[in-house]
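The following report describes selected strands, helices and a chain contact in the structure shown below.

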Amino acid sequence: MTTPDPKDAAMTHPAPPLITTAVRLSADDGVAHEPVLTLKDISVFYGDYEAVRGVDMAMAGNQITALIGPSGCGKSTVLRSLNRMNDLIPGARVAGTISYHGQSLYAREVDPIELRRRIGMVFQKPNPFPKSIYDNIAYGPRVTGMKVTNMNDLVEQALRDAALWDEVKDKLKQSALALSGGQQQRLCIARTIAVRPEVILMDEPCSALDPIATGKIEDLMINLAADYTIVIVTHNMQQAARVSHRTAFFTAEVDEAGIRHGRLVEYEDTNKLFTNPNHKQTEDYITGRFG
Amino acid sequence: MTAAAAAREAVAAPPPPLTQRRIRPGEILFRLALQLCLLIAFAFLVALVVFAVYKGWDRLDARLWQQMPTGRASRVESAGVQSAITGTLWVIALTALISLPTGIASAIYMEEYADNTRWYNRLLELNIQNLAGVPSIVFGILGLGLIARVIGLGFTVITAAIVLSLLVLPTVIIASREALRAVPQSIRQASYALGATRWQTTARQVLPAAIPGMATGAILALSRALGEAAPLILLGAVTFIRFNPDSLLSTYTTLPIQIYNLIKEPQAEFQELAAAAIVLLLGILLLMNSAAIVIRNKFQKRW
């Protein structure tokens with residue numbers, strides 16, 4: 001990485017102003033970023049319960065979009081609706097339109113299996129398969145029927161892209177469960193990029209990791225943004241400020257009937273959102289007065 | 001005096017000593033009660049083994065598996081239970097072949113495919129749990145009426161295996177479901193997120209992780225079938241058979257049935273032979289259960 005590492009500054013000074021860490025990445029970098037995913041009036045239901053209401057936003061290609069907000073605000077729910085992982089939860093349903101390069105994700109003719117090959121996901125808790133490191137990476141290409149001329153090369157490249165190769169190159173046949181938590185999470189990222197998706201969804205990928213491992217994953221995300229569109233859910237505002245181009249702030253509100261719904265409050269360039277938010281709620285949240 | 005000052009005052013006083021160990025009669029009594037219960041269960045098992053070994057000691061030799069059963073008291077000295085051993089092996093092997101694939105497949109459907117919010121799937125589940133409690137003799141009656149008579153398979157090895165399979169199927173299904181449920185959801189999600197299908201996820205991730213648990217359940221279920229006599233009494237396995245089964249349609253006898261027959265005879269020699277056969281059956285059961293424990297410990301996964 002050529003840019004100075006923001007996490008060093010963050011670690012030596014315990015409470016850095018959010019502004020200084022946010023200036024490096026900007027949504028306005030002079031390149032036109034086509035929207036990859038566009039959400040129009042999205043509501044997600046679990047049975048009769050409307051967990052998230054009326055979300056409108058677009059995720060730009062080759063950029064990192066962060067979803068932040070207090071617990072229960074629906075940011076993970078929105079994330080899981082982007083690759084139809086919600087389909088696996090009985091009773092979950094999405095209303096509104098999510099389009100991926102103009103195609104509706106929830107159209108009848110869309111195959112969710114094919115969709116997940118294009119939109120991969122990294123989970124909160126590292127979840128390597130109880131298999132060797134090598135087989136963890138090779139699993140995706142094998143099940144998706146990718147034409148692979150040399151699996152060894154593919155595994156090596158995925159591990160290099162995930163900045164894990166040097167640590168595991170001598171133990172590819174060993175169990176992935178023997179790796180540390182941070183290494184397991186980078187393995188999960190390597191496993192995701194091995195199937196060459198276009199979008200990577202990350203659901204609080206660092207919440208189970210220590211600060212050093214978190215720093216490595218953040219560096220990795222910034223590097224991966226050159227080739228992938230990344231959407232990350234995080235509880236950590238500094239993390240959103242450090243790694244994302246654009247940030248969406250969600251909150252939970254109680255409606256007239258006394259039921260809680262998640263709602264998108266503000267979606268802005270990360271710089272703008274953390275220095276000069278449009279909404280009082282956002283300001284209260286990022287300055288720690290709420291949530 | 002302010003509240004803070006009062007708190008400081010309280011801290012200044014030395015805390016009560018920790019050194020006085022108290023005897024808590026409740027704790028001791030409860031522990032003793034638990035140990036007593038364990039002792040009762042264990043004592044019965046030991047009594048059974050000691051009694052059987054003592055009683056059958058003179059007959060615990062090669063005659064047991066080299067000789068065929070006899071009905072005549074004059075020949076009992078040279079009698080064994082060979083046809084019962086081979087009959088048991090045939091029946092149990094076939095039972096495993098029938099019940100394990102069916103039971104595991106049912107469990108996979110119920111855990112991985114069925115939508116448990118649907119009433120018919122819940123009904124299915126309730127039924128399987130109830131089936132596990134049906135007395136084995138009822139399965140024997142079903143086998144006699146339907147499989148032996150209506151379908152016409154007669155009093156053969158295959159009829160016995162089908163009936164024992166029905167008998168242990170609920171146990172195999174329940175144990176397999178438990179094993180599948182123990183596989184963390186995160187593994188399935190990881191597989192789906194990579195674009196794997198449901199079958200790929202099940203076959204390549206969930207099943208391999210669940211196999212140790214399934215194997216344990218399967219062995220315990222089969223060892224139950226091994227010791228089962230009641231349904232087979234109805235299914236014609238009662239006569240003294242002086243040959244080994246050689247096909248699915250052979251007539252047969254099994255160890256529990258032989259033991260039951262021998263015990264009925266008045267002569268002491270038959271009783272000794274029965275005791276020896278009991279020791280043999282217990283030995284086989286012990287071996288199977290040890291295998292279950294070894295498999296469980298060896299392949300146990302930590303997530």
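In chain A, strand β3 (residues 64-68) runs parallel to strand β8 (residues 229-233), and 4 bridges join the two. Strands are taken as DSSP E runs of at least two residues and helices as H or I runs of at least four, numbered from the N terminus; two strands pair if DSSP finds at least two bridges between them. The model is predicted: local features need pLDDT of at least 70 and side-chain atom pairs count only at pLDDT 80 or more, while totals for chains, interfaces and linings use all residues. Residues are numbered from 1 along each chain as its sequence is written, and chains are lettered from A and ligands numbered from 1 in the order in which they are written.

β3(A) is also joined by 4 bridges to strand β9 (residues 246-254) of chain A, again in parallel. The table gives one facing pair for each partner strand.

β3(A) is mostly covered, with 5 of its 5 residues buried (20 or more other C-beta atoms within 10 Å of the residue's own, the C-beta atoms being placed from the backbone). In a regular strand, side chains alternate between the two faces of the sheet. Here A:I64, A:A66 and A:I68 point one way, A:T65 and A:L67 the other, and all are buried.

Also in chain A, helices α5 (residues 133-143) and α8 (residues 181-193) pack at about 30° with their axes 7 Å apart; axes are lines fitted to C-alpha atoms over the stretch in contact, and angles run from 0 to 180 degrees between N-to-C directions. The crossing is right-handed, the near helix being turned clockwise from the far one by less than a right angle. A:I133, A:N136, A:I137, A:Y139 and A:G140 of α5(A) meet A:L187, A:A190 and A:R191 of α8(A) (contact: C-beta atoms, placed from the backbone, within 7 Å).

In chain B, helix α2 (residues 25-56) has 32 residues and reaches 46 Å between its first and last C-alpha, close to the expected 46 Å (1.5 Å times one less than the number of residues). Because 2 of the 32 residues are buried, α2(B) lies largely in the open. Helix α9 (residues 198-226) of chain B spans only 36 Å, whereas a straight helix of 29 residues would span 42 Å. α9(B) bends by about 50° at B:L207, with the proline B:P208 following within four residues; the bend is the angle between axes fitted to the seven residues ending at a residue and the seven starting there.

Between the chains, 16 residues of chain B are in contact with 20 of chain A. On the chain B side, α8 (185-193) and α9 are the elements that give two or more residues, and α8(B) gives the most, with 6 residues.

Note on methods:
Buried ≥ 20, exposed ≤ 12 C-beta atoms within 10 Å, placed from the backbone. Contact = placed C-beta atoms within 7 Å.
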